[in-house]
Amino acid sequence: MLYQLYDLHHAAWYPVRLMAEATQTAFQNPFMPASYTRMGRTIAAGAELIERTTRRFGKPEFGLPTTKVDGVEVAVREVPVLRKPFCDLIHFVRDTDKVHPPVLVVAPMSGHHATLLRGTVQALLPEHDVYITDWLDARKIPLSRGKFDLDDYISYLIEFMGHLGPHTHVMAVCQPTVPVLCAVSLMAQNDDPNQPASMILMGGPIDTTAAPTVVTELAENKPLSWFERNVIQTVPAYYPGGLRQVYPGFIQLTGFMSMNLDRHVGEHVKLYQHLIQGDGDSAEQHRKFYDEYLSVMDLPAEFYLQTVENVFQKHSLPKGTMQWQGQRVDPSAIRHTAMMTVEGELDDISAPGQTRAAHQIVSSLPAEKRGDYLQKGVGHYGIFNGRRWREQIVPKVRDFMLTHDTSGRFAPPAQQQVAAE
């Protein structure tokens, strides 16, 4: 009944939320004289905090209407190119004749929406033809659409890479590093002609034993039956996905918030202070971040439990026991697809070493097709968003992709430098 209790709690706060929203609107109205006083700003700030802490945040938009290609601003459209029951493959179509390397960004299916990677996509758009996996909220998917487990996830990725062709570069952020490595391994084992040109694995749990964290220790110390009893819930019948078994997003969010509770409380105190001081820019930055961070989705129970079991408990991929539809996954079969790993020095979710472990199991790949980068001074989120991502990580990822381009249309970085000189 936890799901119903959560909904009941949300509904019980509805009158308070309406009152807070009305108060906020009144004391921010430019025609209200009190809105120009410190007392008025204090009341409006308190009302906004109440409204935001009792709200359920919906899925945000990517909100990337334009980008700059060679210094020229061009329009960007989001076009679904493949629709699956649990995922849409979205293409960010740029209004330009310029041709750039295609990149498939595989977003995490770990509670947040793909829009969490807005900054990732934004930084790639000027020099890449970007696609992204937009995973759907299991709460909204009817039971008639069937189940979705780890095998299905890997199958989706193989289909997406097959659709985009052999010159694609695939980038996995966090959780999907494991299924992406599995998918590319299987394509290599089966001599698939659409094996990607390169894969970038960023801050993911390839081998959690390489660098344990609070997250990995929790998953290892509890039996799978504990997760089934305590975190798997049935979607209430009044949702489109009624009666589906899921790992609710609100449970995942509670776990994330509790890991750094002091920091999150401190950020909301700062928002309160910014609003009173009239610092609109800082307040807006807070809103944008938390509108995204607090927007969560439900995961299919089959996928979640299999991920916990295979990735965090059995360590199936590094131990060589991972299977897909009865076929053993063999990363040593990868010889064509270049591989780069990216980690953050301060990552407390997928600690440094977990992702780099991929180089040990992709044992047949030549040294010239490998890359490894540790970004100093960033945590998990900073690997794929923020200033260091844009200024330090993106150039290295771009150069790696150009170096291992298989289409013959793009010059490697060294040749570009010579041409510029």
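Student: Which helices each supply at least two residues of the lining of the second largest pocket?

Tutor: Four names to find: α1 (2–12), α3 (38–53), α9 (249–259) and α10 (261–277). Keep in mind that this is a predicted model.

Student: Which of the elements gives the largest share of that lining?

Tutor: Look at α9. Six residues of the lining come from α9, and that is the largest share.

Student: How much space lies in the second largest pocket?

Tutor: About 780 Å³. The pocket is lined by 30 residues. Start at the centre: Y6, T53, R55, L253 and L294 are the closest to it.

Student: What volume of space lies in the largest cavity, and which residues line it?

Tutor: The space is about 40 Å³. Its lining is L150, Q175, V178, P179, P205, T307, V311 and F312.

Student: Which helices supply at least two residues each to the lining of the largest cavity?

Tutor: Find α6 (177–189) and α12 (301–313). The largest share, three residues, comes from α12. By class, six residues of this lining are nonpolar, two are polar and none is charged.

Student: And what is the volume of the second largest cavity?

Tutor: About 30 Å³. Its lining holds V178, P205, I206, N310, V311, H315, S316, L317, P318 and M322. V178, P205 and V311 also line the largest cavity.

Student: Where does the largest share of the lining of the second largest cavity come from?

Tutor: From α13, with three residues. Both α12 and α13 (316–319) supply at least two residues each. Seven residues of the lining are nonpolar, three are polar and none is charged.

Student: How far apart are A26 and G40, in sequence and in space?

Tutor: Count along the chain, then across it. They are 14 residues apart in sequence and 9.4 Å apart in space, C-alpha to C-alpha.

Student: How do I read the span of a helix such as α11?

Tutor: Compare its reach with the span expected at 1.5 Å a residue. Helix α11 (residues 280–293) has 14 residues and reaches 20 Å from its first C-alpha to its last, close to the expected 20 Å. Its buried residues are A283, H286, R287, Y290, E292 and Y293.

Student: Step back to the whole protein. How many helices and strands are there?

Tutor: There are 16 helices and 14 strands. The radius of gyration is 23 Å, close to the 22 Å that the globule rule gives for 421 residues, so the protein is as compact as a globular protein of that length. The C-alpha atoms fill a box of roughly 70 × 60 × 40 Å along the principal axes.

Student: What share of the residues is buried?

Tutor: Buried residues make up 52% of the 421. Contacts complete the picture. Among contacts with a separation of 6 or more, 76% join residues 24 or more positions apart.

Notes
Residues are numbered from 1 along each chain as its sequence is written. This is a predicted model: local features need pLDDT of at least 70, side-chain atom pairs count only at pLDDT 80 or more; totals for chains, interfaces and linings use all residues. Side-chain values use heavy atoms; hydrogens and water are left out. On a 1 Å grid over the protein atoms alone, a cavity is a set of points where a 1.4 Å probe fits but cannot get out, and a pocket is an open set with protein on both sides within 12 Å along at least five of seven lines; lining residues have an atom within 4 Å of a point. Grid points are joined across faces, edges and corners, and a volume is the space filled by probe spheres set on the points. Ala, Val, Leu, Ile, Met, Phe, Trp, Tyr, Cys and Pro count as nonpolar, Asp, Glu, Lys and Arg as charged, and the others, Gly among them, as polar. The expected span of a helix is 1.5 Å times one less than its number of residues. Buried means under 20% relative accessible area, exposed over 50%, partly exposed in between (1.4 Å probe, protein chains only). The radius of gyration is taken over C-alpha atoms; the globule rule is 2.2 Å times the number of residues to the power 0.38. Contact means heavy atoms within 4.5 Å.
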